[in-house]
Amino acid sequence: MSRDKFCEEVKAKFPAISAKADREYIRQWGDFETDLYSYSWFESLANALNIEMDKGVPPKDYQDLFSFVSNGFLKGDEDTQNAIDVAFVENLFWNVSSSASELYWNTLPENLKDLYLSFHRKKPY
């Protein structure tokens, strides 16, 4: 599956967090008119989730999203996998408290944990 198509599917399946990611995207990038929109949007999705984590939103609220992204990584093309790995997973847990990070880490699918550990070399808490 292409990165653009996967981005559209995430937005359709998870509209509430996607709206928050859109706001983060606009805050950071200004508008949606870029060639790498869907790549950068996954960074904005991670940032929106980080805000949710810090607000104390229960991890179960995003368990389906994490599973969907995990499956997208397994089924996606190289561009999709790269966006999930670099733009999404590498930015998860940024400036999130240790206690919130640990709760979310425990619900993160193994392949996403592996990507995170491959880059950061340690758990986020």
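Student: Why is Asp61 called partly exposed?

Tutor: Asp61 has a relative accessible area of 43%. Buried means under 20%, exposed means over 50%, and partly exposed is what lies in between (1.4 Å probe, protein chains only), so Asp61 falls in the middle class. Before we go on, this is a predicted model, where local features need pLDDT of at least 70 and side-chain atom pairs count only at pLDDT 80 or more, while totals for chains, interfaces and linings use all residues. Residues are numbered from 1 along each chain as its sequence is written, and side-chain values use heavy atoms, with hydrogens and water left out.

Student: What makes the pair of Asp61 and Lys60 a salt bridge?

Tutor: A salt bridge is a side-chain nitrogen of Lys or Arg within 4 Å of a carboxyl oxygen of Asp or Glu. For Asp61 and Lys60 the N to O distance is 3.4 Å, so the pair qualifies.

Student: How many salt bridges does the structure hold?

Tutor: There are five. One of them joins the side chains of Lys20 and Glu52, at 3.2 Å from N to O. That pair links distant parts of the chain: Lys20 sits in helix H2 (residues 15-29) and Glu52 in helix H3 (residues 37-54), 32 residues apart.

Student: How do you know that those stretches are helices?

Tutor: Helices here are DSSP runs of H or I with at least four residues, numbered from the N terminus (strands are E runs of at least two). Residues 15-29 and 37-54 are the runs labelled H2 and H3.

Student: Are Lys20 and Glu52 buried or exposed, or in between?

Tutor: They fall into separate classes: Lys20 has a relative accessible area of 29%, so Lys20 is partly exposed. Glu52 is at 4% relative accessibility, so Glu52 counts as buried.

Student: Why is Lys113 called buried?

Tutor: Its relative accessibility is 12%, which is below the cut-off, so Lys113 belongs to the buried class. Lys113 lies in helix H7, and the buried residues of that helix (residues 110-120) are Asn111, Leu112, Lys113, Leu115 and Tyr116.

Student: What do the buried residues of H7 pack against?

Tutor: They pack against H4, H5 and helix H6 (98-105). For Lys113 itself, leaving aside neighbours within four places in sequence, the contacts (heavy atoms within 4.5 Å) are Trp105, Asn106 and Leu108.

Student: Which residue forms a salt bridge with Lys113?

Tutor: Glu110 does, with the closest N and O atoms 3.4 Å apart. Both residues lie in H7, three residues apart, about one turn of the helix. An α-helix has 3.6 residues a turn, so residues three or four places apart point the same way. Glu110 is at 52% relative accessibility, so Glu110 counts as exposed.

Student: Why is Leu117 called partly exposed?

Tutor: Leu117, also found in H7, has a relative accessible area of 29%, so the in-between class applies. Not counting residues up to four places away in sequence, Leu117 touches Trp105, Lys122 and Lys123. By contrast, Leu117 and Phe68 are 20 Å apart, C-alpha to C-alpha, and 49 residues apart in sequence.

Student: What comes after H7?

Tutor: H7 is followed by Arg121, whose phi is positive, near 70 degrees, although Arg121 is not a glycine. Most residues other than glycine have a negative phi, and most peptide bonds are trans. Arg121 is at 68% relative accessibility, so Arg121 counts as exposed.

Student: Where does Asn95 lie, and what is its phi?

Tutor: Asn95 is in the loop between H5 and H6. Its phi is positive, about 60 degrees, although Asn95 is not a glycine. At 61% relative accessibility, Asn95 is over the limit, so Asn95 too is called exposed.

Student: And where is Lys5, and why is Lys5 called partly exposed?

Tutor: Lys5 has its place in helix H1. The C-alpha atoms of Lys5 and Leu112, 107 residues apart along the chain, are separated by 20 Å.
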